[in-house]
Amino acid sequence: MSGRWQGSTRRDELPADWPAIRAAVLERDRHRCRWLEGGRYCARWANQVDHIRPGNDHSPTNLQALCADHHAIKSSREGNAAPRVSRWRPTERHPGLL
Ligand SMILES: [Zn+2]
């Protein structure tokens with residue numbers, strides 16, 4: 001009905017060469033998730049690039065590779081004016097399977 005759910009392509013003023021920056025960060029981090037929890041890196045396959053400190057600093061030192069799950073978690077923690085991500089579920093389990 002309303003257009004409120006059409007925000008999936010919204011970006012916070014990413015630079016024109018963002019695709020190149022993003023690729024370089026993923027390469028630098030070897031596509032490993034840099035999410036640190038309990039003293040260990042998640043290290044799962046990362047295909048997202050996260051701003052360590054939210055804002056318009058797109059330098060490599062402020063960017064890190066994250067897996068889709070952790071990028072969603074971090075984005076929701078930061079607010080990002082996107083409350084819709086709070087209900088994001090990485091896997092669906094059907095109780096009847098076990
Ligand atoms: Zn991760």
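pLDDT is the predictor's confidence in each residue, on a scale from 0 to 100. You'll want that in mind here, since what you're looking at is a predicted model. Across the protein chain the mean pLDDT is 82, and 68% of the residues reach 70 or more. Where pLDDT is low, the predicted coordinates should not be read in detail. Among the helices and strands, helix α2 (residues 68–77) has the lowest mean pLDDT, at 93, while β4 has the highest, at 98.

The protein chain has two helices and four strands, and if you follow the sequence along, they come in the pattern α-β-β-β-β-α. Of the 98 residues in the chain, 13% are buried. If you take the contacts with a separation of 6 or more, 39% of them link residues 24 or more positions apart.

Now for the inside. Which residues make up the largest nonpolar core? There are nine of them: Val-25, Cys-33, Trp-35, Ala-46, Val-49, Leu-63, Ala-65, Leu-66 and Cys-67. Strand β4, covering residues 63–66, gives the most to this core, with three residues.

Take a closer look at that strand. In a regular strand the side chains alternate between the two faces of the sheet. In β4, Leu-63 and Ala-65 are on one side, Gln-64 and Leu-66 are on the other, and all four are buried, so both faces are covered. The partner of β4 is strand β3 (residues 48–51): the two run antiparallel and are joined by four bridges. Find His-51 and you'll see Leu-63 of β4 standing opposite.

Setting aside neighbours within four places in sequence, Cys-33 is in contact with a whole list of residues, including Tyr-41, Cys-42, Ala-43 and Arg-44. That list also takes in Ala-46, Ala-65, Leu-66 and Cys-67, as well as His-70.

Next, head over to helix α1, where you'll find Leu-26. Is Leu-26 buried or partly exposed? Leu-26 counts as partly exposed, because it has 19 C-beta neighbours inside 10 Å and being buried takes 20 or more. Leaving out neighbours within four places in sequence, Leu-26 is in contact with His-31, Ala-46, Val-49 and Ala-65. Leu-26 and Gln-48 sit 22 residues apart in sequence, yet their C-alpha atoms are 7.7 Å apart in space.

Asp-29 lies in the loop between α1 (18–28) and β1 (36–37). This residue also has 19 C-beta neighbours inside 10 Å, which is why Asp-29 counts as partly exposed. Beyond its neighbours within four places in sequence, Asp-29 is in contact with Arg-34, Ala-46, Gln-64 and Ala-65. Between the C-alpha atoms of Asp-29 and Ala-43 there are 9.6 Å, with the two residues 14 apart along the chain.

To finish, here are two residues with a backbone angle to check. His-31, in the loop between α1 and β1, has a positive phi of about 60° although it is not a glycine. With 15 other C-beta atoms within 10 Å, His-31 is partly exposed. Ala-43, in the loop between β2 (40–41) and β3, has a positive phi too, near 65°, and isn't a glycine either. Ala-43 has 14 other C-beta atoms within 10 Å, so it is partly exposed.

Terms used:
Residues are numbered from 1 along each chain as its sequence is written. This is a predicted model: local features need pLDDT of at least 70, side-chain atom pairs count only at pLDDT 80 or more; totals for chains, interfaces and linings use all residues. A nonpolar core is a set of buried Ala, Val, Leu, Ile, Met, Phe, Trp, Tyr and Cys residues joined through C-beta atoms within 7 Å. A residue is buried if 20 or more other C-beta atoms lie within 10 Å of its own, exposed if 12 or fewer, and partly exposed in between; C-beta atoms are placed from the backbone. Two residues are in contact if their C-beta atoms, placed from the backbone, lie within 7 Å. Two strands pair if DSSP finds at least two bridges between them.
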